[in-house]
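Colleague: Hi! Could you walk me through this one? I'm new to reading structures.

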Amino acid sequence: MTPLSAHAICLALGGTDLLSRTWRIQWLVHGLGYRISFREAFGVNAIGDAACALSPLRIAGEPARLGTMLQAGVPATAAFVAITYEVLAAWPVIIVVAAVLGWNYLPEWWAFAGPAMHRALITGWPVALFISVITLGAWAWTRRAAPAATRPFKRPIKRMRVHWRRMPKWPILASLPMTLTTVLSRALILPVLASSLSHPPPFGPMLVGSIALLYSQLILPTPSGAGAVDLGFVAGAAGDLGNDQGKMLLAWRFYTTIIGILLGLVFAVHLFGIGVIRRMFKPGSME
């Protein structure tokens, strides 16, 4: 595959991911009896993606999504319930996909990734130590910031129960194939990029590495898993990419992270104004 074709497919995969998640949250909100347009639902996810990518432990993601839903006219309790249903329906799909890929390709992936990452850890232990210190600092900061970030969205439990009972089954069932689509779309970006190389790593094991790199960001406290994910990438988790390793990392980060940040910032400025965005990034703004 030519590099131009690979980048075109990656753009299409990124667009498919965004469309799937937009329909998913839109259907869940509609199931609760409220209206949110496709454009507003797209903005919810775009702003949430940017907030997740720029904040330690993704702490700002859900407050940003809730705030955007409030701006769109969705009550806070309904927005919270819709996001909760989205998470509850998404994780079983993610786990099943990871289990299927792991069952088929994990031994082969570990055969080349394990020794490579071990060698990288031995030679690059100062970098690993630095990342560990940053990680612990991010955890400590997040523990202090989390209560302040979520306080404005707390509502009485009784009101939430009303929305829980109101949700029909069809939006939840419809969200399952949307989640599968978004998981596979994001996971395929790395193998597609690597397919433009003269000697790409095996497709199946690379897909396992792609899943590991993507979803490890959910538990790593640094923004977008910065440092740890990048170290894992160059250490061999993505396979042997030869001299193109740095170029592949930059392209992969662009399609999986940077585009989301840019889209989110554009929507945030349009919906809330540049003044609000500046205040959010001021020291002490979450206290």
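Colleague: What share of the contacts between residues at least 6 apart in sequence join residues at least 24 apart?
Modeller: In the protein, that share is 76%. Contact here means heavy atoms within 4.5 Å.

Colleague: Where does all this come from?
Modeller: This is a predicted model, where local features need pLDDT of at least 70, side-chain atom pairs count only at pLDDT 80 or more, and totals for chains, interfaces and linings use all residues. Residues are numbered from 1 along each chain as its sequence is written, and side-chain values use heavy atoms, with hydrogens and water left out.

Colleague: How many helices and strands are there?
Modeller: There are eleven helices and zero strands. Both are DSSP runs numbered from the N terminus: helices are H or I with at least four residues, strands are E with at least two.

Colleague: How far does helix 1 reach?
Modeller: Helix 1 has 29 residues and spans 42 Å from its first C-alpha to its last, close to the 42 Å expected at 1.5 Å a residue. The expected span is 1.5 Å times one less than the number of residues. After helix 1 comes Gly33, with a positive phi near 95 degrees.

Colleague: Switching topic, how many salt bridges are there?
Modeller: The count is eight. A salt bridge is a side-chain nitrogen of Lys or Arg within 4 Å of a carboxyl oxygen of Asp or Glu.

Colleague: Which residue forms one with Asp17?
Modeller: Arg186 does, with the closest N and O atoms 3.6 Å apart. Asp17 lies in helix 1 (residues 3-31) and Arg186 in helix 7 (residues 169-194), so the pair ties together parts that are 169 residues apart in sequence. Asp17, Arg21, Asp49 and Arg186 are also linked in a network of salt bridges.

Colleague: Is Asp17 buried or exposed?
Modeller: Asp17 counts as buried because its relative accessibility is 3%. Buried means under 20% relative accessible area, exposed over 50%, and partly exposed in between (1.4 Å probe, protein chains only). Arg186 is partly exposed, at 22%.

Colleague: And what does Glu86 pair with?
Modeller: Glu86 meets Arg24 in a salt bridge, 3.1 Å from N to O. That pair links distant parts of the chain, with Glu86 in helix 4 (residues 76-123) and Arg24 in helix 1, 62 residues apart. Glu86 is buried at 4% relative accessible area, and Arg24 is buried at 8%.

Colleague: Which residues does Arg65 touch?
Modeller: Leaving out residues up to four places away in sequence, Arg65 touches Ile25, Val44, Asn45, Gly48, Ile83 and Glu86. Arg65 sits in helix 3 (residues 61-71) and is buried, with a relative accessible area of 7%. Its side chain also makes a polar contact with the side chain of Asn45 at 2.9 Å. A polar contact is a pair of N or O atoms within 3.5 Å; within protein, one must be able to donate a hydrogen and the other to accept it, and residues adjacent in sequence count only if both atoms are side-chain atoms.

Colleague: Last one: what share of the residues is buried?
Modeller: Buried residues make up 46% of the 287 residues in the protein.
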